[in-house]
Amino acid sequence: MSVWHIKEISKETVAALEQRYGLDAITASIFARRGITAGKEVLYFLEDDLRFQQSPFSFTGMEDAVDRINDAIEEKEKILIFGDKDVDGVTATTVLYDYLVSAGADVQYRLPQGTEGYGLSMEAVDDFAAAYGSLIITVDCGISNNAEIAHAAELGMDVIVTDHHEPQEQLPAPAIILDPKCVSLVHRNFFRDISGCAVAYKLVSALRFSKSSWYKQPVTLLDVQAEGGSLCVSALKTRNLFPTSSILTERLDAATPAGASALPDFLRGEIIAVWDKAAVASLLRQSFFASADFELHDVRELISALVPAFAALPLSQVKSMSRLAKYGNHPPTQIGGLYNIFVTYAQMELKKQFPALKGQEEKDLQLVALAAVADIMPLRNENRIFVRDALRSLNERHIRPGLLELMASLDMLGKRILSKDLGWTLTPCLNAPGRLGQSAIAAGLFTETDVRTRERLAEQIRDCNNQRKQLSLDAEGYTALAAKASVEQHKGKLCLVIDERINKGITGSVAAKIAERYDLPALVVTFVDDVATGSMRSARGVNVSDFLNRMEGIFLSHGGHIGAGGFSFKRERLAEFEEAVNRLAETLELKEAKADSYDIDANIPPNYLTPALLKIADMMEPFGEENPPLLFQTKGVPVSRASTMGKGERLHLKLELDCGKYKWPAVFWGAGDRLHRDFEVGDRLDLLYHVERNYFNGAEIPQVMIVDMRKSQ
């Protein structure tokens with residue numbers, strides 16, 4: 001019998017969440033059970049504003065990358081974007097290509113085609129050098145292409161790497177690197193689990209920002225408060241709206257000697273922004289600053305021109321109005337409130353100056369969302385903002401060219417789009433051409449300007465996906481025995497399948513299926529001529545990147561994440577590869593195997609099983625990695641109707657649940673045989689379920705999707 005588990009939580013934790021964030025009791029209990037209690041985590045479930053995304057200037061190399069690209073555009077240099085053939089690589093290529101074309105750049109892109117492997121190749125470098133190119137920008141790859149980047153430098157070309165994969169010990173040089181996994185090259189508080197497309201989007205965001213008057217502008221924020229007979233002075237340096245210093249705080253009075261304070265040097269030569277210039281200047285005259293010559297700029301005056309309601313408000317009140325303050329995401333001093341309102345003002349000014357910015361971001365974020373879902377990024381932190389914004393715009397029918405034609409060909413228009421539609425329908429389709437060596441089709445869908453050509457490409461992508469499905473089914477069939485034997489050979493530690501019949505492009509999907517079936521890490525290898533190419537998928541806590549790094553001496557190339565990776569090696573080293581896998585398998589420490597158990601988010605009495613639960617589910621969207629769909633439990637639900645549906649041996653169960661005021665339609669896939677065996681109409685059932693909407697003939701009907709059930713005792 002399966003195990004139903006509901007985590008014990010304290011009433012105090014739930015009450016605190018209700019009071020601080022205005023949550024209802026059910027939502028607060030869900031947050032508590034999922035460990036979403038810190039303000040910085042709660043924020044990304046309750047807020048949608050793009051203001052909460054991480055600054056692109058969190059990357060230490062961002063300004064250098066922006067300046068190098070702007071110089072290339074101005075000097076009419078040839079620029080090459082080199083991407084990858086999967087959804088992340090194609091979308092990252094598109095986001096950067098779209099911007100550079102709009103900026104008038106001489107730009108082209110290149111993706112691996114046919115049997116070409118992952119990452120920047122020597123051939124691509126040589127071809128671009130022969131075409132008199134001078135700047136290569138990698139997207140979703142490059143961090144492990146040390147030799148290729150060194151070769152590009154020898155040929156006189158510069159390289160900017162935008163990637164999100166784990167770096168090797170030695171970073172590629174010379175290159176400007178934007179990779180959140182390179183800990184020393186990004187701000188320490190940066191959320192690192194973003195897609196390659198998100199990194200490219202941040203580069204584009206910084207390029208757009210470089211057109212504003214705030215680019216490279218050092219601004220020091222200053223706050224002065226009278227406390228008793230002294231002044232409490234706080235200051236924070238910023239550049240590109242991003243903090244570049246810690247907050248400097250001092251207590252001063254008229255007797256404080258100037259030499260005892262670090263503030264004069266901290267402020268000297270800076271643009272100083274304050275709230276209420278007259279009041280701050282008056283307070284400063286009470287200390288040794290009376291003789292100092294500082295030019296103060298009034299943030300209140302600036303923002304009041306855009307939002308008149310701020311004109312008469314003190315900083316203390318403005319700080320309390322800040323949504324960030326609600327989540328404790330800035331320092332308790334008033335300088336934190338001043339910083340947030342300053343950034344808000346600058347962003348409002350930017351959008352007023354560049355009105356097309358909102359639409360451009362909207363188009364980009366639809367691709368960033370696809371990449372996040374396709375690359376199984378955790379749906380936490382800013383990934384939630386990205387996917388939520390994309391779902392909003394898709395459901396408002398602001399669908400970018402290319403995606404619109406693909407969705408039309410898949411009959412997705414006219415229905416509510418959820419994160420699962422991105423993961424189950426769109427991303428497998430977009431991945432298919434690359435897996436079959438035809439990544440140019442997917443990239444062309446997004447970069448083509450002719451609508452009829454995009455419609456044709458959308459149909460080709462759908463055909464590729466059908467072909468990919470069949471290849472995967474065939475491969476799963478003829479590798480089944482080998483997979484079973486390998487699990488036994490490796491004593492239940494992992495599975496290794498080597499078969500030349502497997503298409504090179506589907507090794508990843510076959511490995512994923514095997515990993516799911518056996519709940520073990522799986523490697524799948526095939527051959528293209530004299531080169532072996534393969535994929536690995538994780539299970540039970542195995543770090544794929546670490547596993548492959550321990551064999552890097554064998555590989556021609558390799559890379560990946562914690563959960564997935566790819567590699568290639570010479571055919572002649574096959575025996576060496578198998579020996580290394582066998583040796584490493586013995587050292588693996590696997591987490592406990594999956595049990596037939598369920599973690600319940602909330603217990604719902606039958607009379608509370610209402611459509612209001614859909615609003616809670618909507619708030620918790622997008623669902624995906626590290627944020628699974630909500631699982632509710634309700635006991636003693638009367639069954640008023642029951643029938644089976646479907647064809648063949650595997651029938652499905654269709655029920656009507658009598659919850660008093662509401663009658664819920666319910667579906668339990670593959671459970672048709674339980675009617676008349678485990679229960680009858682009129683019985684009461686204990687249920688585990690998700691709530692969702694069923695769309696039929698244009699109507700939206702709430703329904704229960706049953707995960708497990710028992711007859712009530």
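**Salt bridges and cysteines**

Lys-181 is buried, with a relative accessibility of 14%; buried means under 20% relative accessible area, exposed means over 50%, and partly exposed lies in between (1.4 Å probe, protein chains only). This is a predicted model, in which local features need pLDDT of at least 70 and side-chain atom pairs count only at pLDDT 80 or more, while totals for chains, interfaces and linings use all residues. Residues are numbered from 1 along each chain as its sequence is written, and side-chain values use heavy atoms, with hydrogens and water left out.

**Salt bridges**

- The structure holds 38 salt bridges, each defined as a side-chain nitrogen of Lys or Arg within 4 Å of a carboxyl oxygen of Asp or Glu.
- Side chains of opposite charge can pair when their charged atoms come close.

**Lys-181 and Asp-193**

- Lys-181 pairs with Asp-193 in a salt bridge whose closest N and O atoms are 3.8 Å apart.
- Both Lys-181 and Asp-193 lie in the loop between strand E6 (176-178) and helix H8 (196-209), so the pair ties together parts that are 12 residues apart in sequence. Helices (H or I, at least four residues) and strands (E, at least two) are DSSP runs, numbered from the N terminus.
- Asp-193 is partly exposed, at a relative accessible area of 28%.

**Asp-276 and Arg-300**

- A salt bridge joins the side chains of Asp-276 and Arg-300, with an N to O distance of 3.3 Å.
- This pair links distant parts of the chain, 24 residues apart: Asp-276 sits in the loop between strand E11 (271-274) and helix H10 (277-284), and Arg-300 belongs to helix H11 (residues 299-304).
- Arg-300 counts as buried, at 16% relative accessibility.

- In the salt bridge between Arg-392 and Glu-396, the closest N and O atoms are 2.8 Å apart.
- Arg-392 is partly exposed at 30% relative accessibility, and Glu-396 is partly exposed at 41%.

**Cysteines**

- Zero disulfides are found in a search of the whole structure, a disulfide being a pair of cysteine sulfur atoms within 2.5 Å.
- For Cys-141, the closest cysteine sulfur is that of Cys-197, 13 Å away and therefore too far for a bond.
- Cys-141 is buried, with a relative accessible area of 0%.
- Cys-659 also counts as buried, at 5% relative accessibility.
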